[in-house]
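Please open the structure in your viewer and keep the sequence beside it, so that each selection can be checked by eye. The tour goes from one stop to the next.

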Amino acid sequence: MSDKKEEVRPTMPLVPGDEPGRPLVELTHVEKHFGDLHVLKDINLTVNKGEVLVVVGPSGSGKSTMCRTINRLETIDSGDIRIDGKPLPQEGKELASLRAEVGMVFQSFNLFANKTILDNVTLAPVKVRHMDKKEAERLAMDLLDRVGVATQANKMPSQLSGGQQQRVAIARALAMKPKVMLFDEPTSALDPEMVNEVLDVMVELAHEGMTMICVTHEMGFARKAADRIVFMADGQILEQNTPDEFFEHPQTDRAKDFLSKILTH
Amino acid sequence: MNGFVQLLQTYDVLGAFLVNIELTLWSALFSTVLGVILVMMRISPISSLRAVAGAYVELFKNLPLTIIMVFMVLGAYAQLKLSFSDTFATNFFWLAVTGLSLYTAAFVCESLRSGINTVPIGQAEAARALGLNFMQAATQIILPQAFRGSVAPLGNTLIALLKNSTVAAAASVSTETSSLMSEMIEFRPDVIVQIFLIFALGYVILIIPIGMLTTYLSNKLAVRR
């Protein structure tokens, strides 16, 4: 295993720094089954620092599952996943600290229903990063202000609209100062009029240089913000290309079929 | 009517009910603590802890309480020399509390587990995704919501515990209600209906407010999603 590492990443700089283009998330030969269902088939994917990757594909293609394997909410059968050069550890302390570096935004928001908006954002910085409570609250208010929900800080999640909840969820993830953000269909559960307020925050985040992996059906967002589009179908990555190339000149029949279905109206 | 007055003047009915209330409160405290520990073991990522807690719950849920209570006196005390006090009455009281607590903890655990089932899996996933460890996720997110989602079954467990406290008679607690009732029946068989009514009404008066309180609380505390 260790000598293979050298072959896979020959250009990897030895000193971790802030240079853009350094591989941050690497999936190598990842395989996963749900029972008889082969949901991930030989997934190979590298996401570099600062890159915005958008994963598209028909439902059931394994997009969400792939996204969830990156912080081990789903385990994999075989293959290798690395975050910033470190392989994903087994369940335990190390995994928790790795998850703290990977922000995740869910389709169903998953704000903590027993905590206020402010407490949702400060909980992890205080408990995991051992940040001072006052400092965490300042950071949280800054972030809530950035996503436009600072005035709601003392409400409970159920009192907010879906769009507001999802923006809080983004702020909550950002409060951990993650190296990479995972978005698992962040707008799929939203009413149509609230989709844009969430996408605007994501576009802004992309422009600020955040490394992002977004599973989404929002093709407008994909065109606007993505550096690279990954097209998945039947558990495989079929195409990887720039947005322009992918949308104008899809290579595979599956991708042409998929695009014809979603872009016709 | 005369029978009621005579009975209440001759026998310390109120004192007997107080013994049952005391048994109930101590057992509620200890069984809640033990029940929380058990339910955390049952949802923990360590499979051996899950197995131990599962076995405990299955065992105590299926044992008749009377057998546990008799075992506390004849087994735990007489054979295994587990003793809380040199005073017989005090010792038997705490043996009864121990038996009731061990038994009720299994039901507290099951009530809480039904509460945990009301917490969407996404809550735990979000906690894990933020880097919280199992204990932090359990104590900050899962259990607070589970408690609020299991007020009704916990209330029913408390009601069952109060009624079960009469089985303390099997652990030689001679001052509680069912022991007193037997004594009264023995000496005053002429007013047997009144004797039944006194104890029946006593328990109804104690239990109806518990039911009302849990209904109120389970609405008030319900987690809004």
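What follows is a walk through chain B and then chain A, with something to select at each stop.

**Before you start**

This is a predicted model, in which local features need pLDDT of at least 70 and side-chain atom pairs count only at pLDDT 80 or more, while totals for chains, interfaces and linings use all residues. Residues are numbered from 1 along each chain as its sequence is written, chains are lettered from A and ligands numbered from 1 in the order in which they are written, and side-chain values use heavy atoms, with hydrogens and water left out.

**Stop 1: chain B as a whole**

Read from the N terminus on, its elements run α-α-α-α-α-α-α-α-α-α. Along the principal axes, the C-alpha atoms of chain B fill a box of roughly 70 × 45 × 25 Å. Chain B has 225 residues, of which 45% count as buried; here buried means under 20% relative accessible area, exposed means over 50%, and partly exposed lies in between, with a 1.4 Å probe and protein chains only. If you take the contacts in chain B (heavy atoms within 4.5 Å) between residues at least 6 apart in sequence, 77% of them join residues at least 24 apart.

**Stop 2: two helices that cross**

Next, select helix α2 (residues 13–43) and helix α7 (residues 134–149) of chain B, whose axes come within 12 Å and cross at roughly 115 degrees. These axes are lines fitted to C-alpha atoms, for helices over the stretch in contact, and the angles run from 0 to 180 degrees between N-to-C directions. The crossing of α2(B) with α7(B) is right-handed; a crossing is left-handed if the near helix is turned anticlockwise from the far one by less than a right angle, and right-handed if clockwise.

Which residues of α2(B) and α7(B) meet? On the α2(B) side they are B:Val36, B:Val39, B:Met40 and B:Ile43, and on the α7(B) side B:Phe134, B:Met135, B:Ala138, B:Thr139, B:Leu143 and B:Phe147. The residues of this contact divide into nine nonpolar, one polar and no charged, where Ala, Val, Leu, Ile, Met, Phe, Trp, Tyr, Cys and Pro count as nonpolar, Asp, Glu, Lys and Arg as charged, and the others, Gly among them, as polar.

**Stop 3: a stacked pair of rings**

Now select B:Phe88 and B:Phe92, and show their side chains. Rings of Phe, Tyr and Trp (its six-membered ring) pair if their centres lie within 6.5 Å, and planes under 30 degrees apart count as stacked, over 60 as edge-to-face and the rest as tilted. By this rule there are twelve aromatic pairs over all chains, and B:Phe88 with B:Phe92 is a stacked one, at 5.6 Å centre to centre and 5 degrees between the planes. Because they are four residues apart in helix α5 (residues 88–116) of chain B, the two are separated by about one helical turn. B:Phe88 is exposed, with a relative accessible area of 53%, whereas B:Phe92 counts as buried at 13%.

**Stop 4: rings in chain A**

Move to chain A and select A:Phe231, A:Phe246, A:Phe247 and A:Phe258, which form one aromatic cluster. Then select A:Phe112 and A:Arg172: the arginine lies over the face of the ring, at 4.5 Å from the ring centre. A charge sits over a ring if NZ of Lys or CZ of Arg is within 6 Å of the ring centre and within 35 degrees of the ring normal.

**Stop 5: strands of chain A**

Select A:Val47, which lies in strand β2 (residues 37–48) of chain A. Is A:Val47 buried or exposed? It counts as buried, at 0% relative accessibility. Leaving aside neighbours within four places in sequence, its contacts include A:Leu24, A:Val25, A:Ile213 and A:Arg228. A:Val47 and A:Arg228 are 181 residues apart in sequence and 9.5 Å apart in space, C-alpha to C-alpha.

Finish at A:His29 in strand β1 (residues 23–34) of chain A, which has a positive phi of about 50 degrees although it is not a glycine.
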